[in-house]
Amino acid sequence: MGFFQILKRLMKEDTCATLISILNFLPTIAGFSLQREKFDVKFWIIHTFLYSYVHIVGTVVYQMYDADGFIDSINSFFNNLEKAFDRVVRKELWDILPGYGINGQLMRAVQEDLKELLYYVQQNDDLVRDSGRFLDKQIKLLHKIKLIILACYVFHFVDAELTAVLAVSSYDAILLFLFCHITATFQLLNEDMIDFNHLADEYEANSEIESEVDARLKSLIIRHSFTLSTVKKLQGIYSTAVGIGFGLDAISMCLFFVLPIDVCLNFAPLIYHSFFVFFLYCYQGQRLTTASERFEMSVYCCGWEKIQVKHQKSILLMLMKAQKPVIIYAAGVVPIRLYTFASTMQSIYKFVAVFKL
C-alpha cells in the first residue's frame, strides 16, 4: 500500500487505532516513535546539518549584500553563528542530568508509561465496541477528536523551524488527544448509564433478564475503572510538564503586556501561541471534569432502587468512585480548568495595571 493510500485511509477511518497512528506519524519521521524502544538519530543528524548550512550560508550572504557597517556585520555574524552551532556541550549536559535524577532509565520508564497510557486508551475504545452500544456516537466523538488533532498540527506548522514543529506539535497533539478521548469515554459512560435506567425498568417488570443486568453492570464497572486508571496515568506523566508550561505561558503574557507596543508586536506569534495553548488546555480540562460530574449524576439516577441488592452494592461502589472529582493538576497543584485560566488572566491584568501606574 502506497503512502497516499495509507494517508487516505487514516483520514477516512475514525477509530482509536487510526488516531494513534496519526499521532505517531511525525514522531516516527523524527526518530522517536511512540511504539519503539530505541530512538533513530538519522533524522536529527540530517536536520542539524541542513540547519547549520542554512545559517552559515545566510550569514555569508548577509555579510556580502545587506550588512550595514562593521557593527552590524559583527552582530549578524555572531547571532547566526550561535543559531548554527548550539553552544551547549551535549556530553556535559548528559553528565549533569543524572545529578537531577534524569537518566536513560528514567526516560525509558516515561516511554513505557506513555505506551501503557495509550494501551488503556485503546482498551477503553475496544470495550465500547465490544458492548455494541452507542457506536454511532463513538464514531462521531472520534471524528471530532481527529479534527482537533489536525487543527493542532496546522496551528503549529505556522512555525518555520522544523525541530520545534515536530517536538512541540507532537507533544500538544498527544496531550489534547488524551484529554479529548478520556472526556469522550466519560460521555459514553454517561449515555450507557442513562440507558441502564431503562434496563432497570424492564427488570422490575421481568426479573428473568437478571443475567443481562449483571453483564451490563460488569461492563460499566470495568470501563469506569479503566478510565480512572487512564486519568491517574495521565496525571503522573504530564503533571510536571504542564505545570512548567503554564508557568512559562503566564510569564510570557505578563512581559508582553508590560513591554512597549512596538516591541510587543515582534513577539506577537509567541504570545498568541502561549495564550492559545493555555486556554485550550484549560478548556479541555474543564470538559473532562464536567463529563465526569455528569457521569456521577447518571450513576445516581440509573434506577438502582429497582434491581437486586447485590447489584445495588456494585453501583454504590461505582458511585463512591465517581463522586471523587476528576481534575487534572498542573505540577500537582494547579487545577487545569477554565477557572484557572480566568483567574490567571485576572492576575495578569492586575499586575500590568499596577506596573503601568
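Which helix does Leu-338 lie in? In this predicted model, Leu-338 belongs to helix 13, which covers residues 338–355. The residue is partly exposed. Its relative accessible area is 30%, a value between the 20% limit for buried and the 50% limit for exposed.

Contacts of Leu-338 beyond four places in sequence were examined next. Leu-338 touches Phe-279, Cys-282, Tyr-283 and Gln-286. Phe-278 lies 60 residues from Leu-338 in sequence. In space, the C-alpha atoms of Leu-338 and Phe-278 are 9.9 Å apart.

These residues take part in a helix pair. Helix 11 and helix 13 cross at roughly 145°, and their axes come within 7 Å. Helix 11 contributes Phe-275, Phe-278, Phe-279, Cys-282, Tyr-283 and Gln-286. From helix 13 come Leu-338, Tyr-339, Thr-340, Phe-341, Thr-344 and Met-345. This contact of helix 11 with helix 13 holds 9 nonpolar and 3 polar residues. No charged residues occur in it.

Helix 11, residues 268–300, also packs against helix 12, residues 309–322. The packing angle is about 155°, and the axes are 9 Å apart. Angles over 145 degrees count as roughly antiparallel. Helix 11 and helix 12 are therefore roughly antiparallel to each other. The crossing of helix 11 past helix 12 is left-handed. On helix 11, the contact is made by Phe-295, Glu-296, Val-299 and Tyr-300. Their counterparts on helix 12 are Ile-315, Met-318, Leu-319 and Ala-322. By class, the contact of helix 11 with helix 12 has 7 nonpolar residues, 1 charged residue and no polar ones.

Definitions and conventions: Residues are numbered from 1 along each chain as its sequence is written. This is a predicted model: local features need pLDDT of at least 70, side-chain atom pairs count only at pLDDT 80 or more; totals for chains, interfaces and linings use all residues. Side-chain values use heavy atoms; hydrogens and water are left out. Axes are lines fitted to C-alpha atoms, for helices over the stretch in contact, and angles run from 0 to 180 degrees between N-to-C directions. Helices (H or I, at least four residues) and strands (E, at least two) are DSSP runs, numbered from the N terminus. Angles under 35 degrees count as roughly parallel, over 145 as roughly antiparallel, 65 to 115 as roughly perpendicular and the rest as oblique. A crossing is left-handed if the near helix is turned anticlockwise from the far one by less than a right angle, and right-handed if clockwise. Contact means heavy atoms within 4.5 Å. Ala, Val, Leu, Ile, Met, Phe, Trp, Tyr, Cys and Pro count as nonpolar, Asp, Glu, Lys and Arg as charged, and the others, Gly among them, as polar. Buried means under 20% relative accessible area, exposed over 50%, partly exposed in between (1.4 Å probe, protein chains only).
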